[in-house]
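Let us take a walk through a protein together, one stop at a time. Have a look at the sequence and the model first, and then read on.

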Amino acid sequence: MKPTVEIDEKSGFCFGVVTAIRKAEDELSSAGKLYCLGDIVHNSNEVERLERCGLVTINHSEMEQLHDVKVLLRAHGEPPSTYAMAQRNSIEIIDATCPVVLRLQQRIKEAFDSPVNGCRKQIVIYGQRGHAEVLGLVGQTEGTAIVVETIDDLDRIDFTRDVYLYSQTTKSIEGFHSIIETIEARLSSTAQLFSYDTICRQVAGRVDHLRDFAARHTVIIFVAGAKSSNGKILYNHCLQVNDRSYLVSDDLGVKAEWLIDAQSIGICGATSTPRRLMEQVRERVFQLISTENNG
């Protein structure tokens with residue numbers, strides 16, 4: 001009997017990524033060429049597809065050399081220095097910053113620009129150091145915000161001062177609450193913690209759903225690009241509830257031995273995974289199942 005194969009309907013691009021790709025496609029359809037600062041999405045297959053349409057991926061140093069062109073800013077957002085560079089070089093910005101990220105940037109900047117008793121606030125960001133979104137958030141504080149990835153990083157905080165804690169939009173709610181509890185336990189009696197849950201619920205809500213999805217199937221094939229931090233997090237959640245969970249970047253990564261004795265196979269992905277890639281993985285699974293049954 002052939003196993004059932006199901007694609008998770010809630011997996012795939014989040015709102016911010018969909019908007020960024022649509023803006024890129026609209027511009028490419030009329031102009032034929034567009035620069036994008038950094039990978040538009042952390043999925044090499046989708047980046048390569050758009051590059052074939054005329055999208056040119058650049059870094060900050062390369063943008064510095066450009067003048068009188070259009071540059072798309074992806075959903076992750078950028079620090080104020082990038083906008084200043086664009087203005088100096090007469091670059092037209094096509095801003096695809098996710099609205100959730102944009103609101104978070106504004107909140108952090110407002111906090112930074114509002115000193116208490118003449119002193120700058122101690123702003124802490126729970127996030128992945130070096131991640132594009134986090135760089136944009138730190139940029140709102142002129143580089144002074146403290147970035148913490150784990151409990152071990154909390155030693156960088158001055159616990160005798162008030163702490164203003166924010167989170168990268170794609171971090172886990174559980175991790176954020178753990179950081180809050182540890183800061184509260186270590187905080188001086190004369191200091192306060194002001195924590196702001198700035199996690200995107202569209203992304204965070206996928207964790208519980210994915211864990212349920214993974215538990216329902218014999219085998220899980222999780223599709224995500226190698227650069228996707230969100231993909232690594234979500235895949236690990238699948239693995240925690242189903243030890244027959246496998247991570248692939250495309251259909252070529254699927255192995256026949258994974259499917260042996262599977263009654264049901266679930267296919268899911270990150271917020272940076274296009275639906276078409278999951279469909280290609282499903283087709284590959286069907287091919288492998290047919291070969292096994294015919295053999």
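This is a predicted model: local features need pLDDT of at least 70, side-chain atom pairs count only at pLDDT 80 or more; totals for chains, interfaces and linings use all residues.

The protein has 10 helices and 12 strands. Its C-alpha atoms fill a box of roughly 75 × 55 × 25 Å, taken along the principal axes. Of the 295 residues in the protein, 51% are buried.

Two packed helices are described by the angle between their axes and the distance between the axes. Take helix α1, residues 15–31, and helix α2, residues 44–52: their axes come within 11 Å and cross at roughly 20 degrees. Angles under 35 degrees count as roughly parallel, and so α1 is roughly parallel to α2. The crossing of these two helices, α1 and α2, is left-handed. On the α1 side, the contact is made by I21, E25 and L28, and on the α2 side by E46, R49 and L50. Sorted by class, the contact of α1 with α2 has three nonpolar and three charged residues, with no polar ones.

Next, please find helix α4, which covers residues 80–88. Which of its residues are buried? They are T82, M85 and A86. Seen down the axis of α4, these buried residues fall within an arc of 100 degrees, so they line one face of the helix. An α-helix has 3.6 residues a turn, so residues three or four places apart point the same way. On the other side of α4, Q87 and R88 are exposed.

Helix α5 spans residues 99–112 and helix α6 spans residues 132–139; their axes come within 8 Å and cross at roughly 30 degrees. That angle makes α5 roughly parallel to α6. Here α5 passes α6 in a right-handed crossing. To see the contact itself, look at V101, L104, Q105 and I108 in α5, which meet E133, G136 and L137 in α6. By class, the contact of α5 with α6 has four nonpolar, two polar and one charged residues.

Now for the loops around this pair. D113 lies in the loop between α5 and β6, the strand at 122–126. With a relative accessible area of 42%, D113 is partly exposed. D113 and Q140 are 27 residues apart along the chain, and their C-alpha atoms are separated by 9.3 Å.

In the loop between β6 and α6 you will find R129. Is R129 buried, partly exposed or exposed? Its relative accessibility is 41%, so R129 counts as partly exposed. Leaving aside neighbours within four places in sequence, R129 is in contact with V147, E149, D153 and R156. The C-alpha atoms of R129 and Q202, which are 73 residues apart along the chain, are separated by 22 Å.

Beyond α6, look for E142 in the loop that leads from α6 to β7, the strand at 146–148. E142 has a positive phi of about 55 degrees although it is not a glycine. At 64% relative accessibility, E142 counts as exposed.

Our last stop is D261, in the loop between β11 (245–248) and β12 (264–269). D261, too, has a positive phi, of about 65 degrees, although it is not a glycine. Its relative accessible area of 67% means that D261 is exposed.

Technical notes. Residues are numbered from 1 along each chain as its sequence is written. Side-chain values use heavy atoms; hydrogens and water are left out. Buried means under 20% relative accessible area, exposed over 50%, partly exposed in between (1.4 Å probe, protein chains only). Helices (H or I, at least four residues) and strands (E, at least two) are DSSP runs, numbered from the N terminus. The arc is that of the directions from the helix axis to the C-beta atoms. Axes are lines fitted to C-alpha atoms, for helices over the stretch in contact, and angles run from 0 to 180 degrees between N-to-C directions. Angles under 35 degrees count as roughly parallel, over 145 as roughly antiparallel, 65 to 115 as roughly perpendicular and the rest as oblique. A crossing is left-handed if the near helix is turned anticlockwise from the far one by less than a right angle, and right-handed if clockwise. Contact means heavy atoms within 4.5 Å. Ala, Val, Leu, Ile, Met, Phe, Trp, Tyr, Cys and Pro count as nonpolar, Asp, Glu, Lys and Arg as charged, and the others, Gly among them, as polar.
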